[in-house]
Amino acid sequence: MKPTNNIKERQLFRKGSELSDDAKAMIVKMLTVQLQSEYADAPDRSGSICPTVEDKTWLDFQIAQEKAHGLGVAQVLEDMGVDPAPLIKQAESSVMEGDRKLDYFKIQMKDWVERSMTRVLAERTGGIQSIGGLGSSFIPLAVWNAKNYVDEALGHTKMGVSYAKRLVEEGSSQGCQEAVDKFYPSCLDIFGGVGTPNEKRYLDLGIKTLTNNQSRALWVESLERDLKELNLKIPAARWKGIRSDYPAEEVNAFDMFLEMDDLPADRHKLAIRLLSGWLAAKYARQNEMAVFVAPTPKLKHEVALQMSADRAAGLAIAKMLRKLKVDPNPLADEAERTLTGSKNKVEFLKQKLPSSWAGIAVQQLVAARVTQAATLATFGSSVIPLAVWSGVHYDEQERLAKTWLSRIKNIASWETQSLGQEALDQCFPYALDAFGADDSSNENAYFEAGLKTASNNNVRGMFIKMITEDLQGLGLKIPSLTQGVRKTYSNS
């Protein structure tokens, strides 16, 4: 199954109140298990087995991140009307306690070798499980999964591999292999059963976009790559868990790509075009004037940090382009050298910023919402690094939009309603155009390649919802919601 099926009918939900009762119930069922996983490190589970102060420090950092994951899950559950406190208390009380705790978390780790190797295996399950939720129709869940993947797959797992490498070099290969053999079956079970009623409902409701076995196959593929580098092996019964024997599944059968290197060559051109557009957006100097117009040193510093964060997001895109054998430096240089430079830059970013702080604040609020909505098009992309980047960047732009909204509220209302209104009227039609034409050949090509998972019309609609909510109460007149510079759009 491709995660891009039925794109034209796809719905996206920003708030729990927008969900059906069925969807809420299924999300609660999923997240109560996740909650007890995040709080599963009971005091009697692993003990003080870290050999060095560096290792102890890293473990505390990892545990803090797990609690941040747990907080995110708890907040979603609270939004659904579920009190997470009893489940957390139960999970933390003992290794063996937890009605929703998975079998893996009830297995004692006996030493540092096992602790290190569970990072290689089990932390990876957390990251890989999140892939199936990167394209969730419930946006807060998709964002949580993207942030979780960064910590679990790109943080905890990679640290575990570095620890394992050190242990192998120190002569502990046998102990590492024994740990793999011990924990592998229970990790295989973490992904759940095959073809279950719950799985079908998750897929039908758009809560998940991969089957349990597809996620399991991605985990096996990812794990085997790292184990080979360590001269370790996956158990011979690679699909045999504790609870079940699972059917073998090949990753290339369902078009999900763990790394940019895995993307088939015939999709590179489209991927490069998509990524180049984002690179131009992140390295455009269109918002540089905001630093100079900001009225106080504190605001100048804050806006400069905003620009720095934009460059960091651009750097992540640049690294993806390099994996596709494209040098990002000329593209970034072209985008920032002049206001109108770069064929990859949307017209919205070629417009001069207003000269007043009130005008800039309104324009930057619109820009943040445009960027945020645009990332929704690649939530659940078949290119997993891009899907993860999209979820993380969505969250960053949500916080940025709230910051600009707060700044606008501190500006005199007469300035907002005059200079701010002028800026809004000027930039809004370009904002509507920024998402691209509806039902174009380019858009359909992105769908077929699995690069995009939501239509331009859909994400434009999400932008309109967000910016309309923002502008209400500011005394600003909202421009036409359908009239761009290039064309008139559907209001559906």
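## Exercises on a predicted model

Glu 114 lies in helix α4, which covers residues 112-131. The model you are exploring is a predicted one.

**Exercise 1.** Decide whether Glu 114 is buried or exposed, and find which residues Glu 114 touches beyond four places away in sequence.

*Solution.*
- Step 1: The relative accessible area of Glu 114 is 5%.
- Step 2: Buried means under 20%, so Glu 114 is buried.
- Step 3: Leaving out residues up to four places away in sequence, Glu 114 touches Gln 108, Met 109, Ala 179, Lys 182 and Phe 183.

**Exercise 2.** Work out how α9 and α14 are arranged relative to each other.

*Solution.*
- Step 1: Two packed helices are described by the angle between their axes and the distance between those axes.
- Step 2: For α9 (residues 268-283) and α14, the angle is about 30 degrees and the axes are 13 Å apart.
- Step 3: Angles under 35 degrees count as roughly parallel, so α9 and α14 are roughly parallel to each other.
- Step 4: The crossing of α9 past α14 is left-handed.
- Step 5: On the α9 side, Leu 274, Leu 275, Trp 278 and Lys 282 meet Leu 386, Trp 389, His 393 and Gln 397 of α14.
- Step 6: Sorted by type, the residues of this contact are five nonpolar, two polar and one charged.

**Exercise 3.** Find how many residues the largest nonpolar core has, and which have the most contacts inside it.

*Solution.*
- Step 1: This core has 54 residues, and Trp 357, Val 366 and Phe 463 have the most contacts inside it.
- Step 2: Helix α13 gives the largest share, eleven residues.
- Step 3: Now look at Phe 463, whose contacts include Val 366, Val 370 and Phe 428.

Conventions: Residues numbered from 1 in each chain as written. Predicted model: local features only at pLDDT ≥ 70, side-chain atom pairs only at ≥ 80, totals over all residues. Heavy atoms only, no water. Helix = DSSP H or I, 4+ residues; strand = E, 2+ residues; numbered from the N terminus. Buried < 20%, exposed > 50% of the residue type's maximum accessible area, 1.4 Å probe, protein only. Contact = heavy atoms within 4.5 Å. Core = buried A, V, L, I, M, F, W, Y, C linked by side-chain atoms within 4.5 Å. Axes fitted to C-alpha atoms, helices over the stretch in contact; angles between N-to-C directions. Parallel < 35°, antiparallel > 145°, perpendicular 65-115°, else oblique. Left-handed = near helix turned anticlockwise from the far one by under 90°. Nonpolar A, V, L, I, M, F, W, Y, C, P; charged D, E, K, R; others polar.
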